[in-house]
Amino acid sequence: MARAFLCDFDGTISPTDIGAAFARAFSPGGAAEHDELLGPWVSGELGHRELTELQCRLISATAGEALAFTRRFTLDPHFAPFVRETLARGDQVMVVSEGFDFYLADQLARAGLQDVPFAANRLRFEPGCVVPEFPWSAGGCGRCGNCKGQHVRHWRARGFETVLVGDGFSDRCGAREADRVVARGDLLEWCAREGIAARPFSDFAGVAAIAREWAGA
Ligand SMILES: [Mg+2]
Ligand SMILES: [Zn+2]
């Protein structure tokens with residue numbers, strides 16, 4: 001059975017959480033990343049869609065400033081080789097993110113990965129403010145902006161074994177649904193607490209090795 005690798009972006013494909021760095025840099029005193037805001041989301045009181053809306057009220061940036069900032073960061077250099085190897089095997093890769101389309105599309109294109117499908121939230125730059133949009137919110141749990149659970153279900157319905165690769169709390173719905181989980185950071189710890197089996201990884205060279213092992217190669 002072919003596998004679909006659904007990969008988180010911030011903190012996973014991109015070693016730096018670009019979305020968090022952006023929110024911190026463009027809100028007064030980094031307020032959009034303060035614990036008072038993130039805590040209720042980590043504990044589950046607040047969904048990620050609502051968190052994103054609250055954060056965006058604090059953020060002010062033009063599209064040009066935002067892109068100039070996010071271009072300081074680059075992807076895990078092992079991600080592009082992982083994608084090529086995975087596709088050559090007949091498996092699939094999709095990027096699933098609670099971050100924003102503007103830096104995802106830019107970063108993927110700069111890594112020569114513009115053809116890799118991705119799903120993310122959208123950020124509209126308006127004079128004096130930014131407005132988040134959630135094109136993927138309809139099929140999810142109702143609390144996430146872009147619920148990764150729906151993407152897992154979509155790929156499974158198409159006949160794939162599903163693998164969620166991620167590092168954080170925005171991956172929880174996806175990890176609950178996926179056939180297999182590859183995790184690090186907060187997601188790995190959360191999986192251990194929830195009794196969800198997860199393979200640890202440190203970078204995409206490691207994910208590629210796990211994928212090869214599962215493929216029997
Ligand atoms: Mg992440
Ligand atoms: Zn969800």
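Q: What percentage of the 217 residues of the protein count as buried?
A: This is a predicted model, in which local features need pLDDT of at least 70 and side-chain atom pairs count only at pLDDT 80 or more, while totals for chains, interfaces and linings use all residues. Residues are numbered from 1 along each chain as its sequence is written. A residue is buried if 20 or more other C-beta atoms, placed from the backbone, lie within 10 Å of its own, exposed if 12 or fewer do, and partly exposed in between. By that criterion the buried share of the 217 residues is 43%.

Q: Which strands stand at the edges of the sheet?
A: Strands are DSSP runs of E of at least two residues, and helices are runs of H or I of at least four, both numbered from the N terminus. Two strands pair if DSSP finds at least two bridges between them, and the open sheet has seven strands in the order 4-3-2-1-5-6-7, with mixed pairing. Having a single partner strand each, so that one side is left without a neighbour in the sheet, the edge strands are strand 4 (129-133) and strand 7 (199-200).

Q: Within what arc do the buried residues of helix 9 fall?
A: In helix 9 (residues 185-194), the buried residues are Leu187, Leu188 and Cys191, whereas the face turned away from them carries the exposed Glu189 and Arg193. Taking directions from the helix axis to the C-beta atoms, the buried residues line one face of helix 9, because they fall within an arc of 100°.

Terms used:
Chains lettered and ligands numbered in written order.
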